[in-house]
Amino acid sequence: MTVNNNQGRRPSANDDTNGFVNVAFTHDERATENVIRRKSGNSNSLQLDNGTSMSTNTVPVSSGNGTAPPIDFDDILPMIGEFGKYQKILFICMIPFAFFVAFIYFSQIFLTLIPEQHWCTVPELEGLPLEERLALSIPRMDNGDYHNCLMFNVNYTDLVAQGIRKADPTWPTVACMHGWSYNFTEIPYTTVATEENWVCEDDTLPTYAQSIFFLGAIVGGLLFGWIADKFGRIPSLIGCNLVGFAAGVATAFISNFWQFAVMRFFVGFAFDNCFTMMYILVLEYVGPRYRTFVANMSIAIFFTMAACMLPWIAYYLANWRILAVVTSAPLLLAVFTPLVVPESARWLVSQGKVDKAVSILKKLEKVNGKHISPETYQNFTDSCLKLRQEETTNQSHSIMDLFRTPRLRRTTILLIIIWMAISLVFDGHVRNVGSLGLDIFFTFTVASFTEFPADTLLTLTLDRFGRRWLACGSMVLSGIFSLLATIAPVGVYSASLAIVGRFFINISYNIGLQYAAEILPTVVRAQGVAFIHIMGYVASIIAPFVVYLTYISPMLPLIILGILGIVGGLLSLLLPETLDHDLPQTLSDGEEFGRGQSIWDFPCLAKKIDESNDLEVRSPHFVRSSQSGASLRASTGGELRSSILQRSVRSRYTSKL
């Protein structure tokens, strides 16, 4: 007799965050024409193959050979409580970390703002009203605006003495010789860019600084991923936040570009890690049924709230140095994390510290008011130790295995291209908000708020309509609205269309975060996901230069973002659908995964399960998952193998971030 817990759940996107695999591809090498599976069961009890159920307070039923069946985390969590009091406390504890990642990701925008109206300073004319100074010293461009980078090369002392107050357009011009003056009406404070005059021939410096930030994110991801594997998730979480705290506060004391760039590099160490380590920890202790909610709504609510608050914090502080301190100092709170948040139980198991993992589960059990029998814990311990022994003898797989067979190689390359497109488009929309012709503080707030309806909509639809068509539709729509923004009148209309494009790329970003984690085989999943998302950071390095094209034409960034969105969305249709499918575990599973699927398959139109039948027969090429809990091998396989980056694959933050 076998036990299958939580059988009715569809595999969620969030069941495999950054290599934490929560659904296995149950591939039977001896399988013939059809696959037999069990019908859905009650997630609150253990479903037995004779239709009876077992209370979570009793000892697991033994199998036919007299031994209890293996129990994994997703089997034991419903017994402890999938979203009880303890998990709700952990959910609330995500708030400060969501604020941290929003502040780190977006703060440079408000540290380096440059007013659109800035002109050469002419010391000899300081006593004149602004309009007279401009009329006498600054040549006009073809559109009638005063030039930002040129001044007339004449003797202003003599001109003033002669009473001349208007320039002759034929006078010779020269680049600014005495610095710049800025109109601080719309941006009511000086920034590091205006203090250091990063304009005209130096106007690319903020762009370089932002790209250096993403270089730091790559290095920090590798470093703190290694720390997470070696020393645990909590040390990695604390360490990256402390680095972000130190570099962020030190930013307030810089005096030149290279000092600023170095600080941005080290602030980048904390990007993504400062939140997603916590994100992973919380998801591990939440039952399968609630992971989609916790994973998406934590970002929809907490991240969105922080992003919407940031521009107004900058506006009312009106001092870039204080802003750097205010957005960085809270990261110091991470040192208190161990007082509330437990270490990753899955990581403890991967290190052979099963007793510590069990003690954490017993704490959850106590706070949630549940009772688990000692026999169940013993079965869990034995299962974990057995799996670790098996895994330690089979660690020869590497990232190169993804490129050895044709179908898996094609899928991997598609995932890389699509994720790079998503990352570039998302970050491009974030940074292009200042070029939309409206007040940047208001526009940034509205654009950031689109995260909430995007994540909420995704939570409601992702497990119904599937990944592939939602990814395609959202990316294509993002591209279409971005292109429409280029032909609409500048101002409210073009900005509104661009913000709608941002809304749809938010959806694409969240889908993309999990797509690779579901498609890649378990044995190389952690390494593959890490590699794909590092490639996303590479694309994010390019994004600031795409936005910089606004100096050539305000429409160019949106045209590029629109085309990339449409192309990336159409490429998504070439990927296999993962909703309700048992996910690939071995490399051979990965090679066969999706074979036989049609590009026109819609999960929401798939045949519903007949609950009156206990068994169902389907083709192995399009088999629906029967697992609501992960197999133990799938749950911890990524933990035992990850050598690149053990963190959530959400970057919004990609860069969102």
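## One helical turn in α15

Aspartate 427 and arginine 431 sit four residues apart in helix α15, so about one helical turn separates them. Before we go further, keep in mind that this is a predicted model. The two side chains form a salt bridge, and the closest N and O atoms are 3.0 Å apart.

How buried or exposed are these two partners? Aspartate 427 has a relative accessible area of 0%, so it counts as buried. Arginine 431 is at 12% and is buried too, because the cut-off for buried is under 20%.

How many salt bridges does the structure hold? Another joins glutamate 132 to arginine 165, with 3.4 Å between the closest N and O atoms. Glutamate 132 belongs to helix α3 (residues 130-137), while arginine 165 is in the loop between α4 (156-161) and β7 (173-175), so this bridge ties together parts that lie 33 residues apart in sequence. Glutamate 132 has a relative accessibility of 31%, so it counts as partly exposed. Arginine 165 is also partly exposed, at 32%.

Arginine 133 takes part in a salt bridge as well: its side chain meets that of glutamate 126, at 3.6 Å from N to O. With 43% relative accessibility, glutamate 126 is counted as partly exposed.

## Two disulfides

Now look for the sulfur atoms. The structure holds two disulfides. One is formed by cysteine 120 and cysteine 176, whose sulfur atoms are 1.7 Å apart. Which parts of the chain does this disulfide tie together? Cysteine 120 lies in strand β5 (residues 118-120) and cysteine 176 in the loop between β7 and β8 (180-182), so the linked parts are 56 residues apart in sequence. Both cysteine 120 and cysteine 176 are buried. The angle about their S-S bond is -70°, and the link is left-handed.

The other disulfide joins cysteine 149 and cysteine 200, with 2.0 Å between the sulfur atoms. This pair connects distant parts of the chain, 51 residues apart: cysteine 149 is in the loop between α3 and β6 (150-152), and cysteine 200 is in the loop between α5 (192-195) and α6 (205-231). Here the torsion about the S-S bond is about -100°, so this disulfide is left-handed. Cysteine 149 is partly exposed at 22% relative accessibility, whereas cysteine 200 is buried at 12%.

How are the bonded cysteines paired? If you number them in sequence order along the protein chain, the pattern is 1-3, 2-4.

## Patches on the surface

Let us turn to the outside. Which residues gather in a patch of negative charge on the surface? They are Glu116, Asp145, Glu186 and Asp439. To find aspartate 439, look in the loop between α15 (406-431) and α16 (440-449). Aspartate 439 has a relative accessible area of 33%, so it is partly exposed.

There is a nonpolar patch on the surface too, made of Ile89, Leu242, Leu332, Leu333, Val335, Phe336, Leu339, Val340 and Val367. Together these residues have about 750 Å² of accessible area. Among them is leucine 332, which lies in the loop between α11 (320-328) and α12 (345-350). The relative accessible area of leucine 332 is 38%, so this residue is partly exposed.

## A buried tyrosine

One last stop is tyrosine 105, found in helix α2 (residues 85-111). Is tyrosine 105 buried or exposed? With a relative accessible area of 0%, it is buried.

Tyrosine 105 and valine 430 are 325 residues apart in sequence, yet their C-alpha atoms are 9.9 Å apart in space.

Methods:
Residues numbered from 1 in each chain as written. Predicted model: local features only at pLDDT ≥ 70, side-chain atom pairs only at ≥ 80, totals over all residues. Heavy atoms only, no water. Patch = residues over 30% accessible without salt bridge, like charges linked within 9 Å, V, L, I, M, F, W, Y side chains within 5 Å. Areas by Shrake-Rupley, 256 points an atom, 1.4 Å probe, with all protein chains shown as cover. Salt bridge = Lys/Arg side-chain N within 4 Å of Asp/Glu carboxyl O. Lys, Arg positive; Asp, Glu negative; His and termini not counted. Charge placed at Lys NZ, Arg CZ, Asp CG, Glu CD. Helix = DSSP H or I, 4+ residues; strand = E, 2+ residues; numbered from the N terminus. Buried < 20%, exposed > 50% of the residue type's maximum accessible area, 1.4 Å probe, protein only. Disulfide = S-S within 2.5 Å.
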